[in-house]
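Open the model in your viewer and keep the selection tool handy. We will go from one element to its surroundings, stop by stop.

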Amino acid sequence: METMTVERVIDAPIDDVFAWLTTTTHYTASPLVLRCRLARHGEGAPYGVGAIRNHLWLIGWFRERISVYEPPYATEYVVERSVPPARHELGRMTFSETDAGTLVRWTTRAEIPLPLLGGFLTRFLARPVITRTFGNILKAAEKALTGPAAKPPTRRTPTTR
């Protein structure tokens, strides 16, 4: 099993970053993600616990189920099925406030289940593609949330009279 983690600080409020990154239809803003669809709504929120989402990336197709949904601090998922097949133990995004914005830490633990070659292919093929895709999605989130077209932040600032 290979653990892959990508981090990025996004200069936007934690609520906005969490909302953008848990709405996976936004992922198509990354050039490595072709299609994302919410197949079943979760409990209490579209992408809440029990939600099923289907993703088509350049490297394959993934059916994921949300197992943890704690806005705006964490979400976890498991890949239930994929083509090509993969073994998946963990998918987690955590969000924490910093002086510079919101720190996002995206971690997955997976491997290609092939005898003898699986570890090599996971480390030298899957790992770079997955981490690059995660990085591209985080970059797209930053652009959407901080670029010129971004909506005003949800932070409340005191007003003076």
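This is a predicted model. Begin by selecting helix H2 and then show what lies over its buried residues: the cover includes strand E1 (2-10), helix H1 (14-22), strand E2 (33-40), strand E3 (52-57), strand E5 (74-83) and strand E7 (101-111).

Now look along H2 itself, residues 118-146. Its 29 residues, at 1.5 Å a residue, should span 42 Å, and the end C-alpha atoms lie 39 Å apart, which agrees. Zoom in on Ala126, where H2 has a kink of about 40 degrees, shortly before the proline Pro128. Ala126 is also one of the buried residues of H2, a list including Gly118, Ile130, Phe134, Ile137 and Leu145.

Next, select Thr122, also in H2. Is Thr122 buried or exposed? Its relative accessibility is 2%, so Thr122 counts as buried. Its side chain reaches the backbone nitrogen of Ile112 at 2.7 Å. Setting aside residues up to four places away in sequence, Thr122 touches Glu2, Ala110, Glu111, Ile112 and Arg127.

For the next stop, colour the largest nonpolar core, which has 32 residues. Val17, Leu21, Tyr27, Phe95, Trp106 and Ile137 have the most contacts inside this core. E1, H1, E2, strand E4 (60-70), E5, strand E6 (87-98), E7 and H2 each supply at least two of its residues, and H2 gives the most, with eight.

Finish at Tyr27. Beyond its neighbours within four places in sequence, Tyr27 is in contact with Leu21, Val33, Cys36, His55, Met93, Trp106 and Ile137.

Key:
Residues are numbered from 1 along each chain as its sequence is written. This is a predicted model: local features need pLDDT of at least 70, side-chain atom pairs count only at pLDDT 80 or more; totals for chains, interfaces and linings use all residues. Side-chain values use heavy atoms; hydrogens and water are left out. Helices (H or I, at least four residues) and strands (E, at least two) are DSSP runs, numbered from the N terminus. The expected span of a helix is 1.5 Å times one less than its number of residues. The bend at a residue is the angle between axes fitted to the seven residues ending there and the seven starting there. Buried means under 20% relative accessible area, exposed over 50%, partly exposed in between (1.4 Å probe, protein chains only). Contact means heavy atoms within 4.5 Å. A nonpolar core is a set of buried Ala, Val, Leu, Ile, Met, Phe, Trp, Tyr and Cys residues joined through side-chain atoms within 4.5 Å. A polar contact is a pair of N or O atoms within 3.5 Å; within protein, one must be able to donate a hydrogen and the other to accept it, and residues adjacent in sequence count only if both atoms are side-chain atoms.
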